[in-house]
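Thanks for making the time this morning.

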Amino acid sequence: MTAEQAFDDYHEAVYRFVYRLLGRADLAEDITQDCFLAILRDPQRWNAARGDMKTYLFSIARNLAFKRYRDDHSGTHADENWAASIPDQRPHQDIALAVAQGVGQLPDLQREALILFEYEGFQLAEIAQIVNADIGVVKSRLHRARARLKRLLAPYR
């Protein structure tokens with residue numbers, strides 16, 4: 001698969017993933033662009049035997065997103081920072097916005113697992129590859145994310 005084909009097939013999915021992780025369109029655009037530039041610069045780094053192109057791209061995007069997040073928020077606690085950036089509008093919002101806000105309040109690794117599984121449709125093994133962790137770790141993060149999201153959304157029942 002060429003870089004151009006990969007871009008055509010996956011750039012929207014990569015953008016959505018990064019946007020959901022960081023919550024900022026400008027950063028999502030930059031990171032998506034950097035992700036595909038990485039392939040153009042060094043196309044031999046992708047090894048089909050280790051996973052498909054989509055998984056590889058999401059791995060690059062994930063690493064770039066967390067690097068950017070760490071650089072922008074060094075010295076601050078990530079969960080507090082993320083939650084503070086989303087205004088609490090519970091009385092005036094619909095359920096979709098409540099879910100988005102709840103996902104935004106999840107710890108980084110739980111949010112990542114939930115987004116990859118629920119929104120992007122990856123299987124557990126693929127997520128484990130993307131985040132470079134064991135499947136059991138991914139299952140645990142996903143379970144904790146769902147439980148925490150359930151608690152956060154309890155007032156909306």
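How close do the axes of helix α3 and helix α6 come, and at roughly what angle do they cross? Before I answer, please note that this is a predicted model, in which local features need pLDDT of at least 70 and side-chain atom pairs count only at pLDDT 80 or more, while totals for chains, interfaces and linings use all residues. Residues are numbered from 1 along each chain as its sequence is written, and side-chain values use heavy atoms, with hydrogens and water left out.

The axes of α3, residues 53-72, and α6, residues 108-119, come within 13 Å and cross at roughly 150°, the axes being lines fitted to C-alpha atoms over the stretch in contact, with angles running from 0 to 180 degrees between N-to-C directions. That angle makes α3 roughly antiparallel to α6, a label used for angles over 145 degrees.

On the residue level, F58, R62, F66 and Y69 of α3 meet D108, L109, E112 and L116 of α6, where contact means heavy atoms within 4.5 Å.

Staying with α6, D108 belongs to that helix and is buried, at a relative accessible area of 13%, buried meaning under 20%, exposed over 50% and partly exposed in between, with a 1.4 Å probe and protein chains only.

Finally, G136 lies in helix α8, residues 135-153, and is partly exposed, with a relative accessible area of 46%. From G136 to A125 the separation is eleven residues in sequence and 9.6 Å in space, C-alpha to C-alpha.

Definitions and conventions. Helices (H or I, at least four residues) and strands (E, at least two) are DSSP runs, numbered from the N terminus. Angles under 35 degrees count as roughly parallel, over 145 as roughly antiparallel, 65 to 115 as roughly perpendicular and the rest as oblique.
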